[in-house]
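This report considers the overall fold of one protein chain and then turns to a single residue. The structure is shown first.

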Amino acid sequence: MGRYLVYEVKYVENQISGYKHIDRVKAFNEDSGSNLEFTREEVVDHLRQAYLYNTKFYTYFKKNGVWTVGQQIILFEGKYITTVSNNKKEDNLGELPEY
């Protein structure tokens with residue numbers, strides 16, 4: 001329900017592959033004005049079923065002291081949480097701060 005603006009991301013390292021993947025994100029909901037935290041599973045579920053939830057996720061960051069909406073977040077190849085312009089086979093939300 002609405003547009004979620006992701007402003008922080010928490011990565012964890014996979015002990016087997018050594019790659020980092022998104023564990024959870026913090027997002028601002030424009031409709032309710034509230035800050036929320038989503039697990040990886042919740043984000044993936046929302047992205048897979050965006051038509052049911054009527055939601056979209058975008059990166060959200062400060063640029064010159066002003067909050068700015070960035071790129072849309074998608075599920076690449078059904079499993080990687082990334083932005084529209086990034087075609088890497090890994091979780092990647094750009095330069096968002098980690099927590």
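Followed along the sequence, the protein runs through the pattern β-β-β-α-α-β-β-β, which amounts to 2 helices and 6 strands. The model is predicted, and the values given here are computed from it.

For the chain as a whole, a compact globule of 99 residues would have a radius of gyration near 13 Å, and the value of 13 Å found for the protein agrees with this expectation. Along the principal axes, the C-alpha atoms fill a box of roughly 40 × 35 × 25 Å. Of the contacts between residues at least 6 apart in sequence, 41% join residues at least 24 apart.

| Property | Share | Taken over |
|---|---|---|
| Buried residues | 34% | the 99 residues in the protein |

Is asparagine 92 buried or exposed? With a relative accessible area of 15%, asparagine 92 counts as buried, because the cut-off for burial is under 20%. Asparagine 92 is placed in the segment after β6, the strand that spans 80–83. When its neighbours within four places in sequence are left aside, asparagine 92 is in contact with Tyr11, Ile81, Thr82, Thr83 and Asn86.

Note on methods: Residues numbered from 1 in each chain as written. Predicted model: local features only at pLDDT ≥ 70, side-chain atom pairs only at ≥ 80, totals over all residues. Heavy atoms only, no water. Helix = DSSP H or I, 4+ residues; strand = E, 2+ residues; numbered from the N terminus. Rg over C-alpha atoms; globule rule 2.2 N^0.38 Å. Buried < 20%, exposed > 50% of the residue type's maximum accessible area, 1.4 Å probe, protein only. Contact = heavy atoms within 4.5 Å.
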